[in-house]
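Me: I am new to this structure and would like to go through it step by step. Please show it first.

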Amino acid sequence: MSKIREILDSLSTEQYKMMIGEKSCQPLTETFSKKRVVHPGANGQMVPPVKQQEIWLEYMQRKGDKSKKKAVYIHIPFCSQICLYCGFFQNYSNEERETMYVDRLIKQLLMAKEYKYVQDSVINAVFFGGGTPSTLSPYNADRLLKTMNEVLPLANDCEITMEARVHDLVDEKLQVWFKHGVNRISVGVQSFDTAIRQSMGRKDDKETVIENLKRAASYNQAVLIIDLIYGLPAQDVDNFVNDLKIADSLPIDGMDLYQLNVFEQSALKKAIDNGKIPPAATTKQQAKYLEAAISYLDELAYKRLSVCHWAKTNRERSMYNTLAKSGADVIPFGSGAGGFVGDISMFLNRDLQRYMNAIDEGKWPLMVLTKEAEGKVLFKDIQAQTENCMVNIQKLAQVYSEELLQLEEVLNIWVEYGLFEKCGHTYKMTVAGQFWQNNITQTIIELTQQLLMGKKSFEVQPIAAQG
Ligand code: SF4
């Protein structure tokens, strides 16, 4: 009996349903009972706090490698108001607080000027995320972007993304961003429907959203991407497809479609529980939104760049996301930022005061430093494939181990379940497979760990409140 068969036979019925799913005539909604994880992956080992600085500095004194693409993530942990569904809010915007923060962020960038590892590298993508980086005043954005350009060894064609709220797409901010090379703006539209937007805490109405997007595009300086969310309260599939139609009529270059997660502790969960707003779509209902979106965007010949991202024009490269999801180094800056360097991953202090204190003491503001699980590079290659809605075990086996070929037994079960279609050696995800992509990825990683490394535990991370 093959090792993979032994592993599958050893699973309890519950584990089997969680990892492999169940055969159903409606695979899109019925193969799994829920989504297991938000971010598939393997857990690493935490480094004790007393060792963190020493290990970080040791990595930063290593020689960089110009042949490997790298990215930088810069976190701006401020928002002008809390969106109801948000699980990431850190601090309210306030000009004085932002100025103190940007002072420290500039100091952190200057610390990196002394790191051999950073200076020997070429940075291919920089992503300003948050929070809301676009809340920064023109003054603070100007000095931060100027320092970034001076300190980081940016590639000539470096993609520099600014995450933005619609409200901040005003001339005085746009001009500062473009002056310093921002060439991609990712705008959190979430919904064009005024009532839905405003019930979720977004300020602007549909007309303002459209006007501001057109203003940003009119400079012709940056790729313009929008995020839309499906499964919001009071939204239905027709309303969501209407959002896609509006988006397609605008001068954008691509879009990300995210399913709503109703986090247990969120204001949205409380508002739904108190009957103040209608319930959000269930996971099974969300599957129908994704199915409708794929069908609509396929008709328009949008190019699929990842499981949740579509390009409308060939200006969109999505370099940062591609690098981050394929295991490239991402060097983090700012309170709450996360990154990876080689076989370590890290989170910087989320608490604003602790972050600023660490910088003032000349320390890299680490909160968590983790030695990645054995097999990190292989797991990232698996994720890179599933992000592209396919799996090719033969390719992985050629690079890593023939043992991996046994995973085809599981892929063949998923073909039978309607999650994949087999084309030569490549297993292509059906629409159902794309909807359950996180579960599939997590299972392949866990089975790989067990096949090659003898690790036996399986992850179950209940992620959200909807059923
Ligand atoms: S702008 Fe983004 S980070 Fe800020 S509250 Fe809204 S969703 Fe959360």
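Me: How many Å separate the centres of domain 1 and domain 2?
Reply: The centres, taken over C-alpha atoms, are separated by 29 Å. The contact between the two (heavy atoms within 4.5 Å) takes 17 residues from domain 1 and 15 residues from domain 2. This is a predicted model, in which local features need pLDDT of at least 70 and side-chain atom pairs count only at pLDDT 80 or more, while totals for chains, interfaces and linings use all residues. Residues are numbered from 1 along each chain as its sequence is written, and side-chain values use heavy atoms, with hydrogens and water left out.

Me: Which residues belong to each domain?
Reply: Domain 1 comprises 3-43 + 375-453, and domain 2 comprises 49-325. These bounds come from an automatic or database domain assignment.

Me: What area is buried between them?
Reply: About 1400 Å² is buried between domain 1 and domain 2, and carbon and sulfur atoms give 63% of that area. Buried area here is the accessible area (1.4 Å probe) that two parts lose on being put together, summed over both.

Me: And how many salt bridges are there between domain 1 and domain 2?
Reply: The count is two salt bridges. The term requires a side-chain nitrogen of Lys or Arg within 4 Å of a carboxyl oxygen of Asp or Glu. Elsewhere in the listing, Glu30 pairs with Lys284 in a salt bridge whose closest N and O atoms are 3.7 Å apart.

Me: Changing topic, which residues of H7 are buried?
Reply: They are Asn140, Ala141, Arg143, Leu144, Leu145, Thr147, Met148 and Val151. Helices (H or I, at least four residues) and strands (E, at least two) are DSSP runs, numbered from the N terminus. What covers these residues includes strand S2 (70-76) and helix H5 (95-112).

Me: What does Arg143 pair with?
Reply: The side chain of Arg143 meets that of Asp103 in a salt bridge (2.8 Å, N to O). The pair links distant parts of the chain, with Asp103 in helix H5 and Arg143 in helix H7, 40 residues apart. Arg143 counts as buried at 16% relative accessibility, whereas Asp103 counts as partly exposed at 34%.

Terms used: Buried means under 20% relative accessible area, exposed over 50%, partly exposed in between (1.4 Å probe, protein chains only).
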